Amino acid sequence: MSRGKSDSRHSDSRIVVAFSSMLSLALVLFAACGGPDAGGGAEATVFEGARLIVGDGSAPIEDAVFIVENARFTQVGSRADVQIPDGATRVDLGGKTVMPTLVNAHVHLASEREARIDQLQHMAYYGAGAVLSLGLDTGDVPFEIRNEMVPEGARSQSAGRGITSPEQGRSEVPHWVTSEEEARAAVRELASLQVDFVKIWVDDRGGQFERLSPTFYGAVIDEAHANGLRVTAHVFRLEDAKGLLRAGIDAFAHGIRDMDIDDEVLALWKERPNVVLVPNLPGPGVALDLGWLSGTVPAGQLAEMQAAQRDRPAAQESFGIQARNLNRLNREGITISFGTDGSSPWAVHQEMEDMVRAGMSPAEVIAAATGTSADLLEISDIGTIVKGKSADFIVLDANPLDDITNTRQIDAVYLRGSAIDREGLGARFGGASQ
C-alpha cells in the first residue's frame, strides 16, 4: 500500500535488471574479500574543485578535494589540507556542488524481489543512498535484500510488518492487535526477524476505526525496548503524540496533523530529547511544475501528473498546520530527520522543497536528509562526507544552499565509490510502459 504525498509521488517503475540477485551476491562476496586491492595499493581517485556539503550542518568547504580508495573516503578537506597521492586519477568538479546521498527514513517498498530491486535502483537514480521500508513488508525478501548491496541501488532496511488496531478494508499486512498480550507477541515475532524498527499506527483514519490504545502501544514500546528495538509511530492527533511521548516512543514517522502544537507537547518532547521527528509533510496544495521530471518519467504518465496539478485550499490548510508545527519544533531544537512515505523515487526532492517552504533553511534540510537520517537508521558509514565513510555522494550542477530545488540538478550519483549509470537507468525508467 502506497501513501505518497500526491499522485505525482507514486512510482510507476516496474522493470528490473536481469540476474540482479546474482549480481548483488557477487558484489557482497567481492566486498567481503576486499577485492584485488585489499590490504593496500588501491587506485586513488581525487575529486577536486567542488563546493562540498559535508552533511552535518557545518559550513560548506569551498574548492574542496576528497580522495576515494577502496570505495571509501580517505581524505576530505580544502585543497590546502589534502595530500594528493602520486599516480591518482583526478576528476575536475569545478563549478559543481557535492553532497551526501539522501537517507529516506520512511518509504514503502514492494515485497517481491524484482520489484523491490527496481525501486531501490530508481531511488538511487534520484540520489537516495539508503531507505527504511516502514511496516508493510511481508515474507523473506525484504530481509534478504537488506543484507545485499543492490547493484546501482540504494541500501534498504525493513520494519517488517507494523502493528495497529484492526483496520478492515485497509492493508491486512500489519499485525492487528486487540489485547496487550497480542501486542507483546507481535513485537517478539518482529524481534525474531531482527527488524530495524517497530512501526505502529495510532490513527482512527477520520473516525473509521478504533485507534491503537495507550495500553496497547505502551505494551509495544515496553516489549520493544526489552528486546533492544526502537519504535516509530504513525500519528495524527496532538493528544496521541503526548501519550506516545509519555510512553517512551523513539521517533515519529509523521508530524502532528490535527492542530498546532502547544507548550505541553513541546515540554514533553524536551524531556526526551532523543525522540526524532520524520515530518513527512503532505503536498502543499498548490499547482506545481513537474517539468523537471521530463525524460525520466514516461511522457504519458508525466502529462497526466501535470494535468492533475491544481490549487487545493483544503490541502493548503493541512500543509499549513504541519508546516507551522515543523517550523516550531525545529526552532526549539527538536531533532528533525527525513522521509517521504509511499514509493515515489522523486518525492525526496519535493519533500526537501516542502521542508524549506515550511521554514527550515536549505542547510538544515540537507543535514536532516543526510547525516541526521543516517544517525536515525544507525547506519554509521553513510550520511556525511568524511574520512573513513562509504563514498556515497551526489554531484550537482547548482548549489542547493542557494535554492533547495537545485538538488534536482544531478550530474552524477556515486554509491560505494562508483558512479551509477544514470543515463542507462534514466532511459529505462523514462521509457517504462504505463
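1. Start with the middle of the protein: the largest nonpolar core has 75 residues, and those with the most contacts inside it are Ile163, Val198, Ile200, Leu244, Ile249, Phe252 and Met355. A nonpolar core here is a set of buried Ala, Val, Leu, Ile, Met, Phe, Trp, Tyr and Cys residues joined through side-chain atoms within 4.5 Å. Buried means under 20% relative accessible area, exposed means over 50%, and partly exposed is in between (1.4 Å probe, protein chains only). Helix α5 (residues 214–226) gives this core its largest share, 6 residues. There is also a second, separate core of 16 residues, with Val103, Leu134, Ala159 and Phe197 among them.

2. A word on what you are looking at. This is a predicted model, in which local features need pLDDT of at least 70 and side-chain atom pairs count only at pLDDT 80 or more, while totals for chains, interfaces and linings use all residues. Residues are numbered from 1 along each chain as its sequence is written, and side-chain values use heavy atoms, with hydrogens and water left out.

3. The overall tally: the protein has 12 helices and 18 strands. These are DSSP runs numbered from the N terminus, helices being H or I with at least four residues and strands E with at least two. Of the 434 residues in the protein, 56% are buried. Looking at contacts (heavy atoms within 4.5 Å) between residues at least 6 apart in sequence, 73% join residues at least 24 apart.

4. Helix α6 (residues 238–247) is worth a look.

5. Now the α6 and α7 pair. They pack at an angle of about 25°, with their axes 10 Å apart. Axes are lines fitted to C-alpha atoms, for helices over the stretch in contact, and angles run from 0 to 180 degrees between N-to-C directions. The two helices are therefore roughly parallel to each other; the cut-offs are under 35 degrees for roughly parallel, over 145 for roughly antiparallel, 65 to 115 for roughly perpendicular, and oblique for the rest. Their crossing is left-handed, a label used if the near helix is turned anticlockwise from the far one by less than a right angle, with right-handed used if clockwise. On the α6 side the contact is made by Leu238, Ala241, Lys242, Leu245 and Arg246, and on the α7 side by Glu264, Val265, Leu268 and Trp269. By class that gives 6 nonpolar, no polar and 3 charged residues. For the classes, Ala, Val, Leu, Ile, Met, Phe, Trp, Tyr, Cys and Pro count as nonpolar, Asp, Glu, Lys and Arg as charged, and the others, Gly among them, as polar.

6. Further along, helix α10 (residues 347–358) and helix α11 (residues 362–377) pack at about 135°, with their axes 9 Å apart. They are therefore oblique to each other, and their crossing is right-handed. Met352, Met355 and Val356 of α10 meet Pro362, Val365, Ala368 and Ala369 of α11. This contact has 7 nonpolar residues, no polar and no charged ones.

7. Two loop residues to check by eye. Asn70 is not a glycine but has a positive phi of about 50°; Asn70 sits in the loop between β2 (61–69) and β3 (72–78). Arg416, also not a glycine, has a positive phi of about 55°, and its loop runs between β17 (410–415) and β18 (418–419). Which of the classes, buried or exposed, does Arg416 count in? It counts as buried, at 19% relative accessibility, whereas Asn70 is partly exposed at 44%.

8. Last, Glu423 in helix α12 (residues 422–430). Glu423 is exposed, with a relative accessible area of 70%. The C-alpha atoms of Glu423 and Ala412 are separated by 9.5 Å, the two being 11 residues apart along the chain.
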